[in-house]
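Okay, everyone, thanks for coming. Let me put today's structure up on the screen, and then we'll walk through it.

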Amino acid sequence: MKYKKLISVVLAAVLIFSFAACTKNNSENKTDNTTSELTDITVCLDWTPNTNHTGLYVALKNGYYKDAGLNVTIVQPPENGAAEVCASGQVQFAVSAQDTLAPAFTSETPMDVTAVAALVQHNTSGILSSKGQGMDRPSGMTGKTYLTWDSPVELATLESVVNADGGDWSKVNIIPNTVTDEAQDVKQNPDHAIWVMYAWGGINAKVNHIDTDFFFFKDINENFDFYTPVLIANNDFLNTNPDAAKAFLKATRQGYEFAVENPEEAAQILIESDDTNSLAGSETLVAESQKWIADQYIADAPQWGYIDPARWNAFYEWLNEKQLVEKQLPSDTGFSNDYLE
């Protein structure tokens, strides 16, 4: 699927308790006696550090947050997920995705969060498969095996693209997705198809010289050009600290703009900032992924972080039509551009 979470249960438990008083090396100004004068902000990632997150680490390393009057800490997600800890107020910001947020906005107790910035402008996810197996387009998945994380939205998306392309989703074998290296999996299992983010899964295949086919969901159906990943914020924090939220997003924008202009240096910052050690041995992958994704952070948007209401609403309208949410999602649900400069 997307990046695989490589965090053990023990580490996750430790990190949960660290939210309130994290003083590890991902916090700015650890020895700066002016820290008390800065506004504390904690950001929870969705997975271990990867190139979706580079701008955050650049803003931290280059002092953009400190210059904005902020003391920012970046933490890893607990087992119950980044969005949950953000909604509960344990962190002010978190990384999530439009597709996984949809059910949270329509449950009996909706999550108290808002998407405030797009980390990547277009949906770069799609299906990775072994080259020459006919799965360079959705219909080719008929009779093959798809590795799923068993989300209703995920499965409905696959059913839609396969059937619309002339395939037969009912003839696709579905098994649980437990792999940590998608490229190696499709190499060893030529009938497998896996949902990945191209910046990581696709580039990983290239780096390891594994011949694969790939198609983007957004190229099959424009409704699937949804926003993933996005930066979400706790609504209480937004309401009570709008200036701090704007300052955080301005500094974060500077981090991503630096990564666009300096992908090699940004990749090195990400590697050096990774205190989970999950990137060890993957330096080439990080560097190549950073070069590719640098053009995706802003792409054709008027500025970094901008969320196009038409595209956001189109995906949620599709969910409404397919009855994939508990209740109808009204237009403009769950996002705001108001905190961008």
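So, what percentage of the 341 residues in the chain do buried residues make up? It's 59%, where buried means under 20% relative accessible area, exposed is over 50%, and partly exposed sits in between, with a 1.4 Å probe and protein chains only.

Quick housekeeping. This is a predicted model, so local features need pLDDT of at least 70 and side-chain atom pairs count only at pLDDT 80 or more, while totals for chains, interfaces and linings use all residues. Residues are numbered from 1 along each chain as its sequence is written, and side-chain values use heavy atoms, with hydrogens and water left out.

Now the overall layout. We've got 14 helices and 10 strands; those are DSSP runs, numbered from the N terminus, with helices being H or I of at least four residues and strands E of at least two. Take the contacts with a separation of 6 or more: 81% of them come from residues 24 or more positions apart. Contact here means heavy atoms within 4.5 Å.

Going from Thr228 to Pro229, the peptide bond is cis, omega near 0 degrees. You'll find Pro229 in the loop between α9 (217-220) and β10 (230-234).

Then there's His209, not a glycine, yet its phi is positive, about 55 degrees. His209 sits in the loop between α8 (198-207) and β9 (212-216), and it's exposed, at 71% relative accessible area.

Gln323 also isn't a glycine, and its phi is positive, near 55 degrees. Look for Gln323 in the segment after α14 (309-321); it's exposed, with a relative accessible area of 68%.
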